[in-house]
Amino acid sequence: MQKNLVAEFLGTFWLVFGGCGSAVLAAAYPELGIGFVGVAFAFGLTVLTMAYAVGGISGGHFNPAVSLGLTVAGRFPAARLVPYVVVQVIGAVAAAALLYLIASGKAGFELGSFAANGYGDHSPGGYSLLSALLIEVLLTVFFLIIILGSTSSRVPAGFAPLAIGLGLTLIHLISIPVTNTSVNPARSTGQALFVGGWALQQLWLFWIAPLAGGALGGLVWKFLDDAD
């Protein structure tokens, strides 16, 4: 169990540092910024690489919504859910802290949104609370279906991280303009703690919506998996 938790810490740390780091440090770099597409691929690549690196140890969740969805689907023991969620949040906060230290080393540094998730005035595209709720739930549902389907015994072994990483990339390509893309309460918490104010006030949505989507995704896959 100890090794599992360390693996989850490392995987979540890498997801937040790589994904949010690309948004904070590289997305709008003068003339050479990677933009939304680059950030989307960065998030996908973090999950892909760490799923191969430590997925065989912990299962490669790196996300409380994923852990909950796997529990609902009967793929993960409920007794391990809370420890996994706790260590995922710790990993995300540690990554956000290191990212803050690095980013603040630039002359004229301004915190800005710090890749935090938001809706309304704090949505990149000005999308409403309802839009944010719907897209976060829907995309987390499909993320769980991708994870559960690609790791099932029905498909060739060894390719799941590719499907999961590309799935997360697609999710970000769709939803960065709406919420900055959460689908992961740990990722949202780490950034919100450093932004404070509005980010903490809106953080509730980025726990409730992904967790609801994760649970629904687990139920949908359980129905499909039991269909045989």
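This report covers the overall fold, the surface and the aromatic pairs of a predicted model.

## Basis

Local features in this predicted model need pLDDT of at least 70 and side-chain atom pairs count only at pLDDT 80 or more, while totals for chains, interfaces and linings use all residues. Residues are numbered from 1 along each chain as its sequence is written, and side-chain values use heavy atoms, without hydrogens and water.

## Fold

The protein has 9 helices and 0 strands (DSSP runs numbered from the N terminus; helices are H or I of at least four residues, strands E of at least two). Its radius of gyration, 17 Å, is close to the 17 Å from the globule rule for 228 residues, so the protein is as compact as a globular protein of that length. The radius is taken over C-alpha atoms, and the rule is 2.2 Å times the number of residues to the power 0.38. Along the principal axes, the C-alpha atoms fill a box of roughly 60 × 35 × 30 Å.

## Burial

Of the 228 residues, 50% are buried (under 20% relative accessible area; exposed is over 50%, partly exposed in between; 1.4 Å probe, protein chains only).

## Aromatic pairs

There are 8 aromatic pairs (ring centres of Phe, Tyr and the six-membered ring of Trp within 6.5 Å; planes under 30 degrees apart are stacked, over 60 edge-to-face, the rest tilted). Tyr 119 and Trp 204 pair edge-to-face, at 6.5 Å centre to centre and 75° between the planes. Tyr 119 lies in the loop between helix H4 (81–103) and helix H5 (129–150), and Trp 204 in the loop between helix H8 (197–202) and helix H9 (205–225), so the pair ties together parts 85 residues apart in sequence. Tyr 119 is buried at 14% relative accessible area, whereas Trp 204 is partly exposed at 40%.

Ring pairs also link Tyr 100, Phe 109, Phe 114 and Phe 194 into a cluster.
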